[in-house]
Amino acid sequence: MEKQAMSSDLIAQPSFWPELEPDEPAPKLSQPKLSQPHSGATVSVLESAFVAGVPADLIDQSPGPSLVQLPSFRSGPASARLPERLLILDTETTGLQSERHHCIEIGAVLFHVAERAVLDQVSFLLPCQDNPAEPINGISAAVSRTPQPWQAGLHFFEAMLDAADLVVAHNVKFDRAWFGREPLPAISKPWLCTMEDIRWPPSLRLKPTPSVRDLALAYGVPVWAAHRALTDCTYLAQVFERCGDLDSLLQEGLEPRQLYRACLSYAERHRAREAGFRWNEPLRGAWSRRLSQREVSVLTFPVELADSEVAPDT
């Protein structure tokens with residue numbers, strides 16, 4: 001479903017263990033004879049270091065947890081760390097207000113960035129009593145109540161969510177609002193909005209906030225249907241497959257952003273529109289847009305930071 005909203009979330013940058021790069025090769029150490037550990041026994045860090053041939057003075061022997069959750073982000077400079085697995089998701093709903101309406105369909109694709117490949121995908125209907133949005137999404141409430149293993153689909157979706165580093169949607173503010181409401185799980189992982197956060201190449205001649213359909217066509221992806229959850233996820237996955245500069249788009253899309261107001265006269269309002277600013281949304285009575293410091297620095301007109309209370313989605 002095409003929705004109009006703005007949102008942005010920052011991705012937490014994980015810490016990485018530094019690689020050991022000694023100036024001289026490590027001296028060859030004789031491997032001590034270690035007795036075979038019995039069930040439940042452990043080998044100390046220092047003993048493991050001798051076996052691996054690592055100098056003892058380079059080993060941190062301070063107490064710590066026995067298990068370490070290694071980050072799945074690809075290593076590199078802090079500015080270049082990227083998520084490895086994306087969960088591309090979309091919702092179809094019975095209306096626009098999550099407080100009054102219900103999610104009737106979930107679609108999701110688990111996408112591997114480095115391989116430019118789809119790993120898993122799932123789609124399922126959630127039972128609803130009525131669907132006022134049926135003329136738009138074409139989903140009958142009666143069909144949603146047809147016996148089907150939607151609980152198993154939801155469990156698989158949660159497994160895909162656990163495997164992902166970053167959640168991607170084409171309108172994060174809309175899609176995120178349905179999670180944490182029964183039966184959908186709350187999502188604490190970072191989000192990225194392909195409509196608001198990613199700055200698509202100017203050569204594509206897209207609108208500042210393109211639709212999924214326009215984005216797919218710009219990358220040569222055939223559009224055969226609309227307003228079904230998995231279909232929109234598939235379009236985005238195929239865009240990512242064809243996107244040669246995906247790494248840089250993701251990196252820039254994850255930059256911290258704040259809400260800014262354009263400082264332009266009425267006669268110059270077209271300059272704000274052309275730069276992707278929106279009138280009256282989310283800031284009433286102003287042209288506004290969420291921007292990173294880098295994006296602010298290249299604007300050709302002045303802007304001012306909006307009050308924090310009108311921008312709760314940072």
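Student: What share of the 314 residues of the protein chain count as buried?

Tutor: In this predicted model, 41% of the 314 residues of the protein chain count as buried. A residue is placed in that class when its relative accessible area is under 20%.

Student: What makes up the secondary structure of the protein chain?

Tutor: The protein chain has 10 helices and 9 strands. As for its contacts, among those with a separation of 6 or more, 66% join residues 24 or more positions apart.

Student: How do you know how many disulfides the structure holds?

Tutor: The structure holds 0 disulfides. Cysteine 103 is in no disulfide, and the nearest cysteine sulfur, that of cysteine 128, is 7.6 Å away. A disulfide requires two cysteine sulfur atoms within 2.5 Å. The 7.6 Å from the sulfur of cysteine 128 to that of cysteine 103, its closest, is therefore too far for a bond.

Student: Why is cysteine 103 called buried, and why is cysteine 128 called buried?

Tutor: The cut-off for buried is under 20% relative accessible area. Cysteine 103 has 9%, so it is buried. Cysteine 128 has 4%, so it is buried as well.

Student: Why is histidine 101 called buried?

Tutor: Histidine 101 has a relative accessible area of 19%. Buried means under 20%, so histidine 101 belongs to that class. Its place is in the loop between E1 and E2. Leaving aside neighbours within four places in sequence, histidine 101 is in contact with Thr94, Gly95, Leu96 and Trp178.

Student: What makes H7 mostly covered?

Tutor: Of the 14 residues of H7, 10 are buried, and on that count H7 is mostly covered. Among the buried residues are Asp232, Cys233, Tyr235, Leu236 and Phe240. The buried residues of H7 pack against the strands E1 (85-93), E2 (103-112), E3 (117-125) and E4 (166-169), and also against helix H6 (212-218) and helix H8 (246-253).

Student: How do you know that the reach of helix H7 is close to the expected value?

Tutor: Helix H7, residues 229-242, reaches 21 Å from its first C-alpha to its last.

Student: Why is leucine 230 called partly exposed?

Tutor: Partly exposed covers the values between the buried limit, under 20%, and the exposed limit, over 50%. Leucine 230 has 23% relative accessibility, so it counts as partly exposed. Its place is in helix H7.

Student: Which residues does leucine 230 touch, not counting those up to four places away in sequence?

Tutor: Leucine 230 touches Gly107, Ala108, Val109, Gln121, Val122 and Ser123. Leucine 230 and valine 122 lie 108 residues apart in sequence, with their C-alpha atoms 7.4 Å apart in space.

Student: Why is arginine 271 called partly exposed?

Tutor: Arginine 271 has a relative accessible area of 24%. That value falls between the limits of under 20% for buried and over 50% for exposed, so arginine 271 is partly exposed. Arginine 271 is found in helix H9. Neighbours within four places in sequence aside, arginine 271 is in contact with Leu264, Thr300 and Phe301. The C-alpha atoms of arginine 271 and phenylalanine 301 are separated by 8.1 Å, although the two are 30 residues apart along the chain.

Student: What lines the largest pocket?

Tutor: The lining of the largest pocket consists of 23 residues, and Arg199, Pro208, Glu274, Ala275 and Arg289 lie nearest its centre. Helix H9 (269-274), strand E8 (287-291) and helix H10 (293-297) are the elements that give two or more residues to this lining. By class, the lining has 12 nonpolar, 2 polar and 9 charged residues. About 660 Å³ of space lies in the largest pocket.

Student: Where is proline 282 found, and what kind of peptide bond joins it to glutamate 281?

Tutor: Proline 282 is found in the loop between strand E7 (278-279) and E8. The bond joining glutamate 281 and proline 282 is cis, with omega about 0 degrees. The peptide bond from glutamate 182 to proline 183 is cis too, with omega near 5 degrees.

Key
Residues are numbered from 1 along each chain as its sequence is written. This is a predicted model: local features need pLDDT of at least 70, side-chain atom pairs count only at pLDDT 80 or more; totals for chains, interfaces and linings use all residues. Side-chain values use heavy atoms; hydrogens and water are left out. Buried means under 20% relative accessible area, exposed over 50%, partly exposed in between (1.4 Å probe, protein chains only). On a 1 Å grid over the protein atoms alone, a cavity is a set of points where a 1.4 Å probe fits but cannot get out, and a pocket is an open set with protein on both sides within 12 Å along at least five of seven lines; lining residues have an atom within 4 Å of a point. Grid points are joined across faces, edges and corners, and a volume is the space filled by probe spheres set on the points. Helices (H or I, at least four residues) and strands (E, at least two) are DSSP runs, numbered from the N terminus. Ala, Val, Leu, Ile, Met, Phe, Trp, Tyr, Cys and Pro count as nonpolar, Asp, Glu, Lys and Arg as charged, and the others, Gly among them, as polar. The expected span of a helix is 1.5 Å times one less than its number of residues. Contact means heavy atoms within 4.5 Å.
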